[in-house]
Amino acid sequence: MFLLTCSACDLGKLTVGTTAKVLVRAQPSLQQESDYQLAHDAIPGALKTIEGFWIVDPDNADLIKILTEGYCQYGTAFIEDDWEVAKFAKKLDDIETHNARATHIFTRCLNYALKRLGERWQTELFETTEKLARLVKDTGADQRDAMMWTALALGSIINHNLNRAEPLSYVSTVKVILDRVLELDQARLPGRPDYAALPHIAYGMILSAGSAQIGGDAAKARAHFEAALQLTADAAHPAGRLLLARTLMGYRIGVMTNDRAFFHAQLKQVLQTEPSVWPEQRLANEVAHRRARRYLSHEKDLFQ
C-alpha cells in the first residue's frame, strides 16, 4: 500500500517541501552574520538555489516567503550599497547599472510578495484608488507581512526611479498599504521587533525621498525613523538596537533639512554603538556601520 501510494507522489515536491522547512529554520543565520562581504557574496547563489527549488514546487508557501524577504533584503543591504558607492564616486555608468539592478531586484521581491497575497492583489493593486482602499481593508492580519514587503519593494522601486512619472504616481499606493500595516500593528504588534520597525523605516524612506512637491515631509519621516528605533529598544539599549534606522535618519533627514549637526550626531552615535548590540540583526547593523562611515567621510561635500 505504501509503495502504491508513493508511486503517485511527486518525489521532487516532497524533497523540496522538507528542504523548505529546514531553510526556514536556518534563515536567521544570515541575519546574524557579522562578515558583510561574506554575506554580500553568498546571498545571490543562495537565492538562485532557492528559486530553483521554487520552480519544482511553485505553490510552496515557505519558499515564496523566503524569496520575498531575501530579494528585498538583498536589494536593501547590498545592491543599494553598491549603488551608493558609485554615486559618491560619481561613476555614471556604474550608477546606472546598479540603479537598474536595484529596480530589477525589488521588482522580484514585489512579484513574490504579490504571489503571497493572491490573485486579487495581483490584478487590483494598480487599478483605481477606490479598489485599492477596499483591497487593503479586506486584507487581514494573516497577510500583514506580505503587505509590508509589497510596500517596501514598491517604495524602493520609486526611490530608484525618482525621475520617472509612472513610479512616482505609486507613492500614494505605498502610503495606503503602509497605513493598513500600521493599523494592524496597533491591534497586535508582530512578535519580532524588526518586523514591527520595518514599515516605519519604509515610510521614512518614502517621506524623505524628495521635496514637498512630490510628497516629501522631513518631520514625518523623522517621526517614523524614531518610531522604528523605539520599537527596537530594550531596557539595556533605550536608544534602539536597529542601527540602520538611525543611519538612514541621520543621513536622509540631515541632508533633506541641511542640518549638519543632526547628521553628524546621529551617525557618530551609530558608530559608537557596537553592531553586536542586537545579535539577531547583526548583519543589518554591520550595514548601518558601513553606511555611517561612508556618509561621514563625505560630510563636507554634502554640506557645502
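# Pockets, cavities and helix pairs

Visitor: Which residues lie nearest the centre of the largest pocket?
Guide: The lining of the largest pocket consists of 22 residues. A pocket is an open set of points on a 1 Å grid over the protein atoms alone, with protein on both sides within 12 Å along at least five of seven lines, and lining residues have an atom within 4 Å of a point. Nearest the centre are Trp83, Lys87, Asn159, Leu162 and Arg252.

Visitor: What do the values rest on?
Guide: Residues are numbered from 1 along each chain as its sequence is written, and side-chain values use heavy atoms, without hydrogens and water. Local features need pLDDT of at least 70 and side-chain atom pairs count only at pLDDT 80 or more, while totals for chains, interfaces and linings use all residues, and the basis is a predicted model.

Visitor: Which helix gives the most to the lining of the largest pocket?
Guide: Helices here are DSSP runs (H or I, at least four residues), numbered from the N terminus. Helix 5, helix 6 (92–117), helix 14 (243–257) and helix 16 each supply at least two lining residues. With five residues, the top contributor is helix 14.

Visitor: What volume does the largest pocket have?
Guide: Its lining divides into 10 nonpolar, six polar and six charged residues. Ala, Val, Leu, Ile, Met, Phe, Trp, Tyr, Cys and Pro count as nonpolar, Asp, Glu, Lys and Arg as charged, and the others as polar. The space in the largest pocket comes to about 440 Å³.

Visitor: Which helix gives the most to the lining of the second largest pocket?
Guide: The second largest pocket, of about 330 Å³, is lined by 17 residues, with Gln27, Leu30, Ile43, Ala46 and Ile50 nearest its centre. Two or more lining residues come from each of helix 2 (11–26), helix 3 (28–31), helix 4 (36–56) and helix 5. By class the lining has 11 nonpolar, five polar and one charged residues. Seven residues, the most from any element, come from helix 4.

Visitor: How much space lies in the largest cavity?
Guide: A cavity is a set of grid points where a 1.4 Å probe fits but cannot get out. The structure holds two cavities of 30 Å³ or more. The largest cavity has a volume of about 590 Å³.

Visitor: From which helix does the largest share of the lining of the largest cavity come?
Guide: The largest cavity is lined by 34 residues, and Gln73, Thr76, Ala77, Leu198 and Leu244 are the closest to its centre. Its lining has 22 nonpolar, eight polar and four charged residues. Eight lining residues, the largest share, belong to helix 5.

Visitor: Are helix 5 and helix 16 roughly parallel or roughly antiparallel?
Guide: The axes of helix 5 (residues 61–89) and helix 16 (residues 282–297) come within 11 Å and cross at roughly 10 degrees. Their contact (heavy atoms within 4.5 Å) includes Thr76 and Phe88 of helix 5 and Leu283 and Tyr295 of helix 16. Angles under 35 degrees count as roughly parallel and over 145 as roughly antiparallel. Helix 5 and helix 16 are therefore roughly parallel.

Visitor: Is helix 6 roughly parallel or roughly antiparallel to helix 9?
Guide: The axes of helix 6 and helix 9 come within 8 Å and cross at roughly 155 degrees. Because of that angle, helix 6 is, relative to helix 9, roughly antiparallel.

Visitor: How many charged residues are in the contact of helix 6 with helix 9?
Guide: Among the residues that meet are Phe106 and Arg116 in helix 6 and Asp145 and Trp149 in helix 9. The contact has 13 nonpolar and four polar residues, and the number of charged ones is two.

How values were computed
Axes are lines fitted to C-alpha atoms, for helices over the stretch in contact, and angles run from 0 to 180 degrees between N-to-C directions. Angles under 35 degrees count as roughly parallel, over 145 as roughly antiparallel, 65 to 115 as roughly perpendicular and the rest as oblique. Grid points are joined across faces, edges and corners, and a volume is the space filled by probe spheres set on the points.
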